[in-house]
Amino acid sequence: MISTPLPLSIAPVEQSPGYWSGVLRRFAKDRVAMFAGAVVLILVILALFGPWLTPADPYQSSMLKRLRPIGTDGFPLGTDELGRDMLSRLMVGARLSLFMGITPVICAFAIGATLGILAGFVGGWVNSIIMRTIDVFYAFPSVLLAIALSGALGAGIGNALLSLTLVFVPPICRVAESVTSQIRSRDFVEAARASGANAFAIIRVHVLGNVLGPIFVYSTSLIAVSMILASGLSFLGLGVKPPEPEWGLMLNTLRTAIYTQPWVAALPGLMIFITSMSFNMLSDGLRSAMDVKQ
Amino acid sequence: MSPASSATSAVTIENLRVTFAGGAAPVRAVNNVSLRVTRGETVALIGESGSGKSVTLRSLLRLHPAKKTQMSGQIEVGGRDVMAMNASELAAFRGRVASMIFQEPLLALDPVYSVGDQIIESIQRHMKVSRSEAHARALKLFEQVRIPSPERRLAAYPHEMSGGMRQRVMIALALACEPELLLADEPTTALDATVQIQILLLLRELQSRLGLSIIFVTHDIGAAVEVADRIAVMYAGEIVEEADVRTLMRAPRHPYTQALLQSRAHGSLAKGTRLATIGGAPPDLANLPPGCAFAPRCVHVEPACREGSIAIAALGPTHQARCRRTHEIVWQHTAAAKA
């Protein structure tokens, strides 16, 4: 009687959903994350097609129309200190700002994740060398490090990207290392070894499969920080050069108008705020959607 | 497909010693263990925690970290010298010739892949087959381990399955590449009592159908009796008694085995009856006393037990015990129950 197989009714009737469709389903239920995702989508569309969508030429200045308030006829969001249309500049600015926000994180993700996974998996002296070097970078406040590196390398977009990448490698590497060393001691890694997987196969299948998700989520949260830092660099004159529209730089040049047109001057800051909040909420939503409990 | 070229002996372990050198003092986890398993035989290693049974099992796949472990002795599985294998030979050996079932299937399965993907991955690691062939084989394995609606279950993730189903998946995974030897490390400890017996019966059925040799580690004598042909009792890294199941249960000759059997609940005990216990604790493996390791807890101990090494005494064609006084100690069930 005992040896009869389990009754078939125990099996669930519905098709078991895959991991990613489950993530998508949970993400779709999360209203805040969906809203943040929509905002990010709009920003990405602006970044890609902004120059073709603007109502006016973002570079066209006019000494007569300087610092118009919000709601002026023809300039819905006013004009900046050189009389350029703020709405157009903000739309076009999305491209550079997002580029400055995302590119360093992608580069740092590639470098940091590789170093971290290597350190976490190999352990021993390899871990010590990589992680202690990372700790040295970690000791500096990120803003200061970005400014110092940019200052040393010289102004310009390329150098700003390079210094921001270097700023984000240590935290990503740390997360990658800690997640990897946790995974390495899990039973399924030993089970894989017991079934004949070599180190390469274990990294490719079990480590990457379990580690990339958390690192990816963490990295999306860094995009907001990167945007703010990039804006800061531009503000200090170390990033994007005028007359290119970039939100940080616009905030910098408009600060002289803070007493005459405070609302217009605050607009680039508002954009930075909205964008970084959206990325933060998006990564929060991703994190909870990807969290498989049990 | 399984190579049947080797002789009747599937596993031969000779004088295996395993010492872990990581900590302050080296821990002698396995001391001079010799064990033979013939083809198609199921041998259970029983003993309490820290008796070296799992370490012996893992040694067969050389799973211990090489840097911190000293191993000596000989291990042969299916005529292959395991101790002499290099890394790539080991990778080809593990899972293909000998594979392992773990205690806690939820932890031993990767949470981010479906169970089908994990089995297919394992099949393709050792066999040169296409993905669809591997899928077909995985499906067949699921039918073999009696998983209901196997096609659907292949797409499920470990956390979506019950404990018993997961352990069936684990067994299917272990059988994926038609191994000759199955190593089971407490495969039923993490399961409910009703599911335990199903898994044990499944193991026995697979063993007779596929002609597997099984080494089964457990601390549950009942489980060992259920599946094993032969039982080896381990204490402090040594095999203290080895016999076929019937002999061991009816006439155990080592005081430790006798004490183990006494400490079980057998028959119908009156309410309030206390179970017999073994006084004291197992010895510190980093600091083993000379002589018999069980001497400090043994009721039959005499001064000579604490000196020198104790030889194995052959008590029959399939029965041996590592005790000086086997000829004097006779198992008296009634007397033991009173004690």
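In the predicted model, strand β1 (residues 9-20) of chain B runs antiparallel to strand β4 (residues 69-77) of chain B, and eight bridges join the pair. One of the residues involved is B:F20, whose bridge partner in β4(B) is B:T69. In general, the strands of a sheet pair through backbone hydrogen bonds, in either a parallel or an antiparallel sense.

The pairing of β1 with β4 belongs to an open sheet of four strands in chain B, ordered β2-β1-β4-β5 with antiparallel pairing. At the edges of this sheet lie β2 (27-38) and β5 (80-81) of chain B, each of which pairs on one side only.

Chain B as a whole contains 12 helices and 12 strands. Its radius of gyration is 21 Å, close to the 20 Å that the globule rule gives for 339 residues, so chain B is as compact as a globular protein of that length. Along the principal axes, a box of roughly 65 × 50 × 40 Å is filled by the C-alpha atoms of chain B.

Of the 339 residues of chain B, 52% count as buried. Among the contacts in chain B with a separation of 6 or more, 65% are made by residues 24 or more positions apart.

The accessible surface of chain B amounts to about 14,700 Å², and carbon and sulfur atoms contribute 52% of this area. As for charge, chain B carries 37 positive and 31 negative side chains. The centres of these two sets are 3 Å apart.

Conventions. Residues numbered from 1 in each chain as written. Chains lettered and ligands numbered in written order. Predicted model: local features only at pLDDT ≥ 70, side-chain atom pairs only at ≥ 80, totals over all residues. Heavy atoms only, no water. Pairing = 2+ DSSP bridges. Helix = DSSP H or I, 4+ residues; strand = E, 2+ residues; numbered from the N terminus. Rg over C-alpha atoms; globule rule 2.2 N^0.38 Å. Buried < 20%, exposed > 50% of the residue type's maximum accessible area, 1.4 Å probe, protein only. Contact = heavy atoms within 4.5 Å. Areas by Shrake-Rupley, 256 points an atom, 1.4 Å probe, with all protein chains shown as cover. Lys, Arg positive; Asp, Glu negative; His and termini not counted. Charge placed at Lys NZ, Arg CZ, Asp CG, Glu CD.
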